[in-house]
Amino acid sequence: MTAKQKIFWLRLVTLVGLCVPAVELAWRWWNGDLEPRPVTVATHATGDWAIIFLMLSLAMTPARTLFDWMPLVHVRRRIGVAAALYALAHLLVYVLDQKWNLLVVATEILRRFYLTIGFASLVVLVALAITSTDGWQKRLKRNWKRLHWLVYPAVAVAIVHFFIQSKVRIGEPAFTAGLFAWLMLWRVLPARLQKSWGGLALLAVAATLATVVFEAAWYGLVNGLDPRRVLSPYLDIDLAPRPAQKVLLASLLVMAAVALRRLFLAANRLWTKRYIQSTIPAP
Ligand code: HEM
């Protein structure tokens with residue numbers, strides 16, 4: 001397959017993958033599968049997919065470096081745009097929930113902190129999606145990079161929104177925050193560590209510990225619980241997997257995938273070398 005064909009297929013598969021959750025949700029809604037509270041299910045599903053696609057778009061740069069696979073740069077932008085569209089759909093469903101009363105929506109957004117920060121994150125994500133085109137990149141020149149750096153605080157704020165709305169069941173937002181920590185820490189690692197096993201092992205440990213710290217800080221600061229009590233469920237096998245254990249597992253899976261990819265590339269190089277040697281006529 002030529003490089004152009006590879007990019008074409010990758011773009012197509014990505015586009016289909018990005019549309020599937022929306023189509024599936026619309027289909028289930030249409031068929032009455034979301035009863036008795038279709039709007040609540042749709043609010044949660046669109047919010048979840050917005051955050052999943054945001055994390056995925058942030059994962060593209062490390063993935064390209066770790067898997068040594070350039071075509072991934074061609075899908076990063078559209079995953080980010082899809083995340084913004086899912087976040088917009090999330091707001092639309094909320095507006096629907098408020099019977100299209102925009103005054104109530106605006107008042108609620110101003111009154112409830114978790115909605116205020118959700119709205120702030122959404123505004124940034126939509127602005128980034130609009131300016132993600134080549135035309136805007138040329139127009140904004142060096143300021144484009146500065147503007148698009150805002151994706152990191154926007155995701156952080158969206159995760160806080162996720163935490164607050166989860167109330168005391170913070171397993172999913174804590175896991176998301178741990179993955180976000182992995183992605184951010186990877187970016188600040190020195191270039192030579194970003195691809196090394198030592199760097200990846202360091203990231204696995206740091207992201208796991210960061211998840212425990214997020215959980216403890218949340219329970220301590222928001223719920224007034226003794227942060228040390230966060231650790232006790234980690235010792236109970238029946239409560240596994242806890243968010244930090246999931247982050248550790250995800251980090252180890254990344255390492256395993258990188259190992260497989262490197263093995264594949266090494267085998268490919270060896271095969272190509274042997275093939276070239278076999279085609280050279282003996283003197
Ligand atoms: C004006 C903007 C926003 C509004 C009005 C809004 C509103 C809501 C509401 C009402 C909920 C459910 C709360 C509950 O059931 O108690 C929710 C949950 C959620 N929102 Fe938002 N949100 C906004 C922006 C965002 C953005 C920008 C993101 C992510 C990029 C996001 C991600 C989520 C997630 C992940 C959940 C939890 C879903 C789950 O628990 O399964 N929201 N939001």
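Which residues in α5 meet which residues in α8? Residue numbers start from 1 along each chain, in the order its sequence is written. Because the model is predicted, local features need pLDDT of at least 70 and side-chain atom pairs count only at pLDDT 80 or more, while totals for chains, interfaces and linings use all residues.

**Figure 1. The contact of α5 with α8.** On the α5 side stand Tyr114, Ile117, Gly118, Ala120, Ser121, Val124, Leu125 and Leu128, and they meet Val151, Ala154, Val157, Ala158, Val160, His161, Ile164 and Gln165 in α8. Two residues are in contact here if their C-beta atoms, placed from the backbone, lie within 7 Å. By class, this contact has 12 nonpolar, four polar and no charged residues. Nonpolar covers Ala, Val, Leu, Ile, Met, Phe, Trp, Tyr, Cys and Pro, charged covers Asp, Glu, Lys and Arg, and the others, Gly among them, are polar. The two axes come within 9 Å and cross at roughly 150°. Axes are lines fitted to C-alpha atoms, for helices over the stretch in contact, and angles run from 0 to 180 degrees between N-to-C directions. α5 and α8 are therefore roughly antiparallel to each other; the cut-offs are under 35 degrees for roughly parallel, over 145 for roughly antiparallel, 65 to 115 for roughly perpendicular, and oblique for the rest. α5 passes α8 in a left-handed crossing, a term used if the near helix is turned anticlockwise from the far one by less than a right angle, with right-handed used if clockwise.

**Figure 2. The shell around the ligand.** Here 23 residues surround the ligand, and the closest are His44, Gly47, Gly118, Phe119 and Ala158. A residue is near a molecule or strand if its C-beta atom, placed from the backbone, lies within 6 Å of it. Four helices each supply at least two residues of this shell: α2 (38-67), α3 (73-97), α5 (113-130) and α8 (151-166). Helices (H or I, at least four residues) and strands (E, at least two) are DSSP runs, numbered from the N terminus. Which helix gives the most to the shell? That is α2, with seven residues. Sorted by class, the shell has 13 nonpolar, nine polar and one charged residues.

Figure 3. The domain assignment, which is automatic or from a database, gives domain 1 (1-166) and domain 2 (167-283). Taken over C-alpha atoms, the centres of the two domains are separated by 23 Å. Their contact takes 15 residues from domain 1 and 18 residues from domain 2. On the domain 1 side, α2 and α8 each supply at least two residues, and α2 gives the most, with eight residues. That side of domain 1 has 12 nonpolar, two polar and one charged residues.

**Figure 4. The pairing of α8 with α9.** Helix α9 spans residues 171-188, and its axis and that of α8 come within 9 Å and cross at roughly 165°. α8 and α9 are therefore roughly antiparallel to each other, and α8 passes α9 in a left-handed crossing. From α8, the residues Tyr152, Val155, Ile159, Phe162, Phe163 and Ser166 meet Glu172, Pro173, Thr176, Ala177, Phe180 and Met184 in α9. This contact divides into nine nonpolar, two polar and one charged residues.

**Figure 5. The pairing of α1 with α3.** The axes of α1 and α3 lie 10 Å apart, and the helices pack at an angle of about 15°. α1 and α3 are therefore roughly parallel to each other, with α1 passing α3 in a right-handed crossing. Ile7, Leu10, Arg11, Thr14, Leu15 and Leu18 in α1 meet His74, Val75, Arg78, Ile79 and Ala82 in α3. Seven nonpolar, two polar and two charged residues make up this contact.

Figure 6. In the loop between α1 (3-30) and α2 you will find proline 36, joined to glutamate 35 by a cis peptide bond with omega of about 5°. The loop between α2 and α3 holds aspartate 68, which has a positive phi of about 55° although it is not a glycine. Proline 241 lies in the loop between α11 (197-221) and α12 (243-279); the peptide bond from alanine 240 to proline 241 is cis, with omega near 0°.
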